[in-house]
Amino acid sequence: ANQAGNAQKLIDYMWAQTTAKVSSPDVNFTGGNAFTHKMSMLTLTFKKGDDVLLADLSKYTLGGLTLDGQFNTINGTANANGTAEPLSITLSDVAEGTSYTAGSLILFPQSIGTGKIQLTVTLNAQEYKTELTLASLEPGKNHTFNITVKKTGISSAAAEITDWVAEPGADVEATM
């Protein structure tokens, strides 16, 4: 439920640390003290293959991921804990075209024990399965995969791992 739209704000843990002194009470959260993402992001782009319509894409399920975890506010670490369970995402209003990027998922950083994430894509009530090769979901990184769906099967390209794009912040003051 937290993977849709504005609900992601509830699970996108960010953290920064700096020190203030009585003689210098102003603090800046810039440079080495800037807030950083402590969760991992996973983005899937579905590419149109032979004899399929992307508009028929209705759901995908990821297996092999631990969805529960905890965030330590003292040291700024997020860790997955518990057992892996499937995560199903329903897609609506997929427009026909040559590619469709599903909404990014925010997940706890974790090692992928088998090095594989199982992916099941439902297209026109037919399930297509493949595996995404990934050793770990790293904090602050966006792991992107291109998934080509064909009438005869499905394939995934190697992951591209990028930092999240920093958005310009605003100046704020905290007073006592």
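View 1. Val27 counts as partly exposed because its relative accessibility is 34%; partly exposed lies between buried, under 20% relative accessible area, and exposed, over 50% (1.4 Å probe, protein chains only). The model is predicted, so local features need pLDDT of at least 70 and side-chain atom pairs count only at pLDDT 80 or more, while totals for chains, interfaces and linings use all residues. Residues are numbered from 1 along each chain as its sequence is written, and side-chain values use heavy atoms, with hydrogens and water left out. Val27 is placed in the loop between β1 (14-15) and β2 (36-37); strands are DSSP runs (E, at least two residues), numbered from the N terminus. Together with Met14, Phe29 and Phe35, Val27 makes a nonpolar surface patch of about 340 Å². Such a patch consists of residues with over 30% relative accessible area and no salt bridge, its nonpolar side chains (Val, Leu, Ile, Met, Phe, Trp, Tyr) being joined within 5 Å. Accessible areas come from the Shrake-Rupley method with a 1.4 Å probe.

**View 2. The largest nonpolar core.** A nonpolar core is a set of buried Ala, Val, Leu, Ile, Met, Phe, Trp, Tyr and Cys residues joined through side-chain atoms within 4.5 Å. The largest one has 30 residues, of which Phe46, Tyr60 and Leu62 touch the most other members. Among the elements that give two or more residues to this core are β3 (40-48), β4 (57-63) and β11 (116-123). Strand β11 supplies the largest share, four residues. Beyond its neighbours within four places in sequence, Tyr60 is in contact (heavy atoms within 4.5 Å) with residues including Leu44, Phe46, Leu87, Leu105 and Val121. Another core, of seven residues, lies apart and includes Met39, Ala78, Ile106 and Phe108.

View 3. Strands β5 (residues 69-72) and β6 (residues 77-80) run antiparallel and are joined by four bridges; pairing requires at least two bridges found by DSSP. Gly69 has Ala80 of β6 as its bridge partner. Four residues stand between the two strands of the hairpin, and Gly76 in the turn has a positive phi of about 75 degrees.

**View 4. The salt bridge of Glu96 and Lys48.** The structure holds one salt bridge, defined as a side-chain nitrogen of Lys or Arg within 4 Å of a carboxyl oxygen of Asp or Glu. The side chains of Glu96 and Lys48 meet in this bridge at 3.3 Å, N to O. Glu96 lies in the loop between β7 and β8 (99-101) and Lys48 in strand β3, so the pair links distant parts of the chain, 48 residues apart. Glu96 counts as partly exposed, at 38% relative accessibility, and Lys48 is partly exposed as well, with a relative accessible area of 36%.

Note on methods:
Patch = residues over 30% accessible without salt bridge, like charges linked within 9 Å, V, L, I, M, F, W, Y side chains within 5 Å.
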